[in-house]
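The paragraphs below start from a single residue and widen to the whole chain. Please keep the sequence and the model at hand while reading.

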Amino acid sequence: MTELDASDYRFAKLPTADFLLSLQTQEAVLPETMALCERTKPLLVIDTNVWLDILYWDDVQTRELASDIENGTVDVCITLAAIEELADVVSRKYFVIDPERQLSLLKHVLSVATLVAPPPGATAKCRDTDDQKFLDLAQSVGADFLVTKDKLVLKAGKRLKKYGVLVLTPQDVRFPLDAMPKTPSET
């Protein structure tokens, strides 16, 4: 692999380009390894808009989910492609987030989520190709939940159900998390 510099990187214009470039060399967990590991907590994949609701908007409907993530009640995984998308979105003028805060948001996500190597394509397909990465990740790691508000992802997610992945909105994920079997240490 040739070494890239920030000018070669497809998000070179972003204030977080150097950070994103450094993630390319960070070791990521293989999806199949994560799928085979024995889990004691629910595993979630979270789409970009829900991350924004948690980190930027402090949306009331995501507060319990945010608490579960912060407290380590759930495990979350993410890919470099999803981090890149989040970096792109938070850099848009609409959000008025200074570069230091953008970097802080991305680092926070990586502090609470496991970076997973690019997964193979999922059986379930999304009409919005930009969102396919979330379905691919959820199916390949055997996630319990894919959390989204996107109507196309919710629709495509119905096909993930046969693989054990529930695709739910942030407000709907609360009940299933409460209904998950407790580990011996939680009883």
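L86 lies in helix 5, where helices (H or I, at least four residues) and strands (E, at least two) are DSSP runs numbered from the N terminus. This is a predicted model, in which local features need pLDDT of at least 70 and side-chain atom pairs count only at pLDDT 80 or more, while totals for chains, interfaces and linings use all residues. Residues are numbered from 1 along each chain as its sequence is written, and side-chain values use heavy atoms, with hydrogens and water left out.

L86 has a relative accessible area of 3% and is therefore buried (under 20% relative accessible area; exposed is over 50%, partly exposed in between; 1.4 Å probe, protein chains only). Apart from neighbours within four places in sequence, L86 is in contact with T48, W51, L52, L106 and V109, contact being heavy atoms within 4.5 Å. From L86 to Q102 the C-alpha to C-alpha distance is 9.3 Å, at 16 residues apart in sequence.

Helix 5 spans residues 80-90 and is mostly covered, with 8 of its 11 residues buried. These are A82, I83, E84, E85, L86, A87, V89 and V90. The buried residues of helix 5 pack against helix 1 (17-23), helix 3 (48-57), strand 2 (75-79), helix 6 (99-112) and helix 7 (132-141).

How do helix 3 and helix 5 cross? Their axes come within 10 Å and cross at roughly 55 degrees; axes are lines fitted to C-alpha atoms, for helices over the stretch in contact, and angles run from 0 to 180 degrees between N-to-C directions. Helix 3 and helix 5 are therefore oblique to each other, since angles under 35 degrees count as roughly parallel, over 145 as roughly antiparallel, 65 to 115 as roughly perpendicular and the rest as oblique. On the helix 3 side the contact is made by T48, W51 and L52, and on the helix 5 side by A82, E85, L86, V89 and V90. By class, this contact has 6 nonpolar, 1 polar and 1 charged residues (Ala, Val, Leu, Ile, Met, Phe, Trp, Tyr, Cys and Pro count as nonpolar, Asp, Glu, Lys and Arg as charged, the others, Gly among them, as polar).

The chain as a whole has 9 helices and 5 strands, in the order α-α-β-α-α-β-α-α-β-α-β-α-β-α along the sequence. Of its 187 residues, 47% are buried. Among contacts in the chain with a separation of 6 or more, 67% come from residues 24 or more positions apart.
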